[in-house]
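Work through the exercises below with the sequence and the model at hand, and try each task before reading its solution.

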Amino acid sequence: MDLIRNSCRYIDLFSRQIYFLMKKLKPKPHQFWAWCSTLTILLGAITAALGYYPLYCYIFLIGNGGLAIVSWLWNEKSLVALNTGLAGIYLIGLINLYFE
């Protein structure tokens, strides 16, 4: 019983520390659009796993393009390079699909 009580105390202390830390941190602007783009990329991964070939390219293009814009607004150069590169790869794939 003491083990459970002590465990609950540690969990309570840890959760309070996290709560106060989160109150100090301010969310970045455009956080909503970053989460929308992230969910779009996850939707693209699901459609890719299910084999919907041209559709997942469009979904990934929208998601990575959105995250590239948000990363540019946040001045995160590595994320801009990553998401712009991925969006470019999917765009090249779509161009190759329709002009082949």
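A residue is called buried under 20% relative accessible area, exposed over 50%, and partly exposed in between. The model is predicted, and the exercises use these classes throughout.

**Exercise 1. Classify tyrosine 53 by its accessibility, and then find its aromatic partner.**

Solution. Next, rings are paired if their centres lie within 6.5 Å, and planes over 60 degrees apart count as edge-to-face. By this rule there are four aromatic pairs. One of them joins tyrosine 53 to tyrosine 56, with 5.9 Å centre to centre and 70 degrees between the planes, which makes the pair edge-to-face.

**Exercise 2. Follow the aromatic contacts onward from tyrosine 56 to phenylalanine 60, and state which residues form the cluster.**

Solution. Tyrosine 56 also pairs edge-to-face with phenylalanine 60, at 6.3 Å centre to centre and with 85 degrees between the planes. Both residues, tyrosine 56 and phenylalanine 60, belong to helix α3 and lie four residues apart, about one turn of the helix. Phenylalanine 60 has 10% relative accessibility and is therefore buried. The cluster as a whole is formed by Tyr53, Tyr56, Phe60 and Tyr90.

**Exercise 3. Locate histidine 30 and asparagine 75, and describe the phi of each.**

Solution. As background, most residues other than glycine have a negative phi. Histidine 30, in the loop between α1 (2–24) and α2 (31–50), has a positive phi of about 65 degrees although it is not a glycine. Asparagine 75, in the loop between α3 (53–74) and α4 (77–98), likewise has a positive phi, near 60 degrees. As to accessibility, histidine 30 is partly exposed at 37%, whereas asparagine 75 is exposed at 54%.

Note on methods
Residues are numbered from 1 along each chain as its sequence is written. This is a predicted model: local features need pLDDT of at least 70, side-chain atom pairs count only at pLDDT 80 or more; totals for chains, interfaces and linings use all residues. Side-chain values use heavy atoms; hydrogens and water are left out. Helices (H or I, at least four residues) and strands (E, at least two) are DSSP runs, numbered from the N terminus. Buried means under 20% relative accessible area, exposed over 50%, partly exposed in between (1.4 Å probe, protein chains only). Rings of Phe, Tyr and Trp (its six-membered ring) pair if their centres lie within 6.5 Å; planes under 30 degrees apart count as stacked, over 60 as edge-to-face and the rest as tilted.
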